Each structure stands twice: as C-alpha cells, then as structure tokens.
Amino acid sequence: MLATDIVLVMVIALSVYLFMIGAAFGSFALAMVDRMKAGKDWVKGRSECEYCKRQLRPSELIPIVSWSLQRGKCRSCHKKLSTMYPLAELGLGLAFVTSFIFWPIELAGAAAISQFIVWLIALVLLTGLFIFDVRWFLLPNKLVYPLTILAFAYALLSLQTMNRSIVDLLLAVAVGFGVFLLLFIFSKGRWIGDGDVRLGVSIGLFVGGPFEAWFAIFLASVIGMAISIPLILKAGKKNKMKLKIPFGPMLIIGMYCTVLFGMQFVEWYKTDILLLQ
C-alpha cells in the first residue's frame, strides 16, 4: 500500500471516529440544555422521555440510529420525539469532521493538537447555545462564560500555533464585543440581547483578528437577512412586530466558518482587493 493510500485510510478512519464522537456530544448538548432549562442536574441526570418520563435504556441512546429505528417515537408512550435530536447529533458530528478536514493549520505538535481539542469542546458549548437560542431566544451565562474561558485558552494557544499577536486578539475582541455593545445600547436591547454582546468576546478570541471578526459578523448578517426577509414577507402586518428571530445561531455559524476559512478570506482581501486600490 502506498504512503498516500495509508494517509487516506487514516483520514477516513479519523473522520468516522470524530463523527461518532461529535454525534454523541450532540446528543449530550441537547440533553444538557433541556435539563438546564428545567433546572435539573445536567451532569448526573439520566436521559428520559420528555413525555412519559421513563428513563431511556442504552439501546435508545445511540445517536441518530436509535431515533431512526424508533421512527422518531418513544418506545413506551409512542409520542413523537423532536427532530431536534437527530439534527443536533448529525450537525455536531458533521461540524467535528468538517473542522478536522478544513483545519487551517497542520495538526502537528502538542500545542496544535491541544488547540484543536479546545475547539471541539467549544463546539459542544456552541451547539448548546445554538439550541437554547433557537428554542427560548436566550444565550445563558452558564454556557457563555465557560465558552469565554475556552476562547481565552484557544487564543493563548493561537499565539504559538498561528502566529497571532496580542494586538490582533485585542482588536478582534474590540470588534466582536464593541459592535454588539453599541447595537445593544443604541437599540436599548430591541435588536440584540446582552447574551450576543458577551458572545462577541468569544467570537473575537476564536477568530483572532479584526478583519476576521468583521468577516464573521458580515456572514452572520447575510445569513440573518436570508432567513429573516422571507419570514417577514410571509408574516402578516399584525405579526411582523411580534416576529422574533434569534441572532445567536447566525453568529455561531459565522464564527465557525471564519475559524475554518477566515485566514483564506483575509489573504484574498489583502492580495486581490487592497492591491487593486
């Protein structure tokens, strides 16, 4: 077997493994936010049916597979289970694999591997925030603050692995935090919530530079408009003022894309746009 074939087999094997791990943590993230919202212990609590409250057996907790085999229903009460279960599992599984395939730096050395692991852990919290905001229009501090700690760890590692400078990190935080703080103050909290402002700190630390921070916000805004405009047009005149659209998920998607592809965007902007001026 050629060396390239061996590498390909290893990449495929690692991708499958990461997908399985990601899907399992997607299930964990969904259970975590459900228990957190209900005020239950999300660390020691046992998984149960949301309707009949029967504790689930291990065979019912296999990511994606269990939901599919049970046709999206509880084995006991036969009530339909939320599609959020397979979507969260599939989404985080794909996020893990995509991060591995498109990771912007070589995964060689303790610092680089540690940085990647921190990122994967952060994705679990980001998934929890994504789900929480979609369901209840809230980015809880119980998830935002641990994410900020992970973001600081990631940023410190990026000083070594990605040649980031402290100035770039500070400017990125200033953009990520400052833009949302101004929007929050100007709109008196009507446009965005204070959770988005706090999330801006993590966005800046993860993307690592002011250009990247602007790019993440730009992507989030484009995604937000693509989702909001059809909903606004579809809603009646009476419902337009009541329409609420969470911005946190758009910010998370924008940050995710920027972490993986932001460096390429900055290089393209500097070489193809600035040089033309």
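Q: Hey, which residues does tryptophan 119 touch, leaving out those up to four places away in sequence?
A: In this predicted model, tryptophan 119 touches Ser99, Trp103, Tyr154, Phe206, Met255, Tyr256 and Val259.

Q: And which members of the largest nonpolar core touch the most other members?
A: Trp119 again, along with Leu123 and Phe206; the core has 62 residues.

Q: Nice. Which elements give two or more residues to this core?
A: Eight ranges to look up: H1 (3-38), H3 (84-101), H4 (110-136), H5 (141-161), H6 (166-187), H7 (194-207), H8 (210-234) and H10 (248-273). The largest share comes from H4, with 13 residues.

Q: Switching to the overall fold, how many helices and strands are there?
A: The chain has 10 helices and 0 strands.

Q: How does the radius of gyration sit against a compact globule?
A: They agree: for 277 residues a compact globule would be near 19 Å, and the chain has 20 Å. The C-alpha trace spans about 65 × 65 × 35 Å along its principal axes.

Q: What share of the residues is buried?
A: Buried residues make up 40% of the 277. As for the accessible surface, it comes to about 15800 Å², and 70% of that belongs to carbon and sulfur atoms.

Q: Speaking of surface, which residues form a nonpolar patch there?
A: Phe218, Val222, Met225, Ile229 and Leu233 do, with about 520 Å² of accessible area together. Methionine 225 sits in helix H8.

Q: Why does methionine 225 count as partly exposed?
A: Because its relative accessible area is 48%, which falls between the 20% and 50% cut-offs.

Q: OK, new topic: how many salt bridges does a search of the whole structure find?
A: It finds 3. In one of them, arginine 135 pairs with aspartate 34, and the closest N and O atoms are 2.3 Å apart. That pair links distant parts of the chain, with arginine 135 in helix H4 and aspartate 34 in helix H1, 101 residues apart.

Q: What about glutamate 212 and arginine 164?
A: Their side chains meet in a salt bridge at 3.3 Å, N to O. Glutamate 212 is in helix H8 and arginine 164 in the loop between H5 and H6, 48 residues apart.

Q: Are those two buried or exposed?
A: Glutamate 212 counts as buried at 8% relative accessibility, and arginine 164 counts as buried at 16%.

Q: And which residue does aspartate 194 bridge to?
A: Arginine 198, with the closest N and O atoms 3.4 Å apart.

Terms used:
Residues are numbered from 1 along each chain as its sequence is written. This is a predicted model: local features need pLDDT of at least 70, side-chain atom pairs count only at pLDDT 80 or more; totals for chains, interfaces and linings use all residues. Side-chain values use heavy atoms; hydrogens and water are left out. A nonpolar core is a set of buried Ala, Val, Leu, Ile, Met, Phe, Trp, Tyr and Cys residues joined through side-chain atoms within 4.5 Å. Buried means under 20% relative accessible area, exposed over 50%, partly exposed in between (1.4 Å probe, protein chains only). Helices (H or I, at least four residues) and strands (E, at least two) are DSSP runs, numbered from the N terminus. Contact means heavy atoms within 4.5 Å. Patches are made of residues with over 30% relative accessible area and no salt bridge: like charges are joined within 9 Å, nonpolar side chains (Val, Leu, Ile, Met, Phe, Trp, Tyr) within 5 Å. Accessible areas come from the Shrake-Rupley method with a 1.4 Å probe; for residues, only the protein chains shown count as cover. A salt bridge is a side-chain nitrogen of Lys or Arg within 4 Å of a carboxyl oxygen of Asp or Glu. The radius of gyration is taken over C-alpha atoms; the globule rule is 2.2 Å times the number of residues to the power 0.38.
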